Structure formats: structure tokens, C-alpha cells
Amino acid sequence: MPKLSAGLLLYRVGAGAVDVLIAHPGGPFWARKDDGAWSIPKGEYDDGDDPWEAAQREFAEELGLAVPDGPRIDLGTVKQPSGKVVTVFAVGSDLDITDAHSNTFEMEWPRGSGKLRQFPEIDRVDWFPVTLARTKLLKGQHVFLDRLMAYPDVGGHVAEGEIRSDS
């Protein structure tokens, strides 16, 4: 049985583009990686659990912020290169991330030292235009950007990187 994960991709339609909120993983393995390392805030859940509830829980844990109200879109499920099956929901909201703070995890670091250290699960979270998010995001998650941009109320009237004429 593959691992299951659910995530929440916030989006906002602004004057120049559609922006999405993505997160950079914390810990020593990701510290010097940027492009291709960011992720949709997500986490694992058990078979039989509600993916929407899991996505909300993981968002709150990883960002330390409540899931905002806004229109919800089911972006579906994709099997990642790792074999993990990821379900993502999008919510339209212009969330203020000033007070975002992540939960932590513990691991031995440096490896083999016997010393346990705590690291934030997410060390950065930021809004990016979809065009830049494609560079930052893990390749296996690009399909969720495509699906988001296919929705008429989201990308149907704002092309990636295009300046809207009604702004």
C-alpha cells in the first residue's frame, strides 16, 4: 500500500498573475536547495481518513496558521515519483503569512553523531507567481499548478505572468 499524503495549495488572483503559497522544507538535507525543492504544504494520512481533513490539519501544523475561508477546488490525486499518492485541494485566499511558524521534528545530526537536534518541518513559506512556482516546486507537483490554472475562475482569465487588463 503506497503512502498517502494530502495538501492545501492557497492561491490568490492579483493584478499581475496568479500567486500560490508554497513551503520550503526544513532540516539539513534541504538547507542549501532552493529551485526544485519547495512543496505544497502537505502531510501523510491513513487509508480511510478524509483527505480534506488531513490537508487542513497538515497546513495548520506546518504553517502555524488556520486554514482560511475561501472557494475550494479539488485538484485531484497524483502518484509521485517516490510512489507516494498525493491529493491536493486549492483554496482561494490572500493569507497574511507574517506570523507563519512551523512545527518541528527531531533527527540525529550530524548523522552518526548520536546527537538529536530539532528542526522546523518548514523553514520558509512564501507567495510566488505560478511561473516562478514552477521553478521552485518539486517537479512531481507541477501537475497541480496545471490543474489550478485550468479552472476558469483562477487561470482562465489570467495567463501565467500576464498583466490583467482589468486591473
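Tutor: Helices (H or I, at least four residues) and strands (E, at least two) are DSSP runs, numbered from the N terminus. The model is predicted: local features need pLDDT of at least 70, side-chain atom pairs count only at pLDDT 80 or more, and totals for chains, interfaces and linings use all residues. Residues are numbered from 1 along each chain as its sequence is written, and side-chain values use heavy atoms, with hydrogens and water left out.

Student: Which helix holds Glu-58?

Tutor: Glu-58 belongs to helix H1, residues 51–63.

Student: Is Glu-58 buried or exposed?

Tutor: Buried means under 20% relative accessible area, exposed over 50%, and partly exposed in between, with a 1.4 Å probe and protein chains only. Glu-58 is buried because its relative accessible area is 8%. Pro-51, at 22%, counts as partly exposed.

Student: Which residues does Pro-51 contact, leaving aside its neighbours within four places in sequence?

Tutor: Contact means heavy atoms within 4.5 Å. On that basis, and with those neighbours left aside, Pro-51 is in contact with Ala-6, Tyr-45, Thr-87 and Phe-89. Pro-51 and Ser-5 are 46 residues apart in sequence, and their C-alpha atoms are 7.7 Å apart in space.

Student: What is the nearest side chain of opposite charge to Lys-42?

Tutor: Lys and Arg count as positive and Asp and Glu as negative, while His and the chain ends are not counted. A salt bridge is a side-chain nitrogen of Lys or Arg within 4 Å of a carboxyl oxygen of Asp or Glu. Lys-42, placed in strand S3 (residues 42–45), is buried yet has no salt bridge; the nearest side chain of opposite charge is Glu-62, 6.9 Å away.
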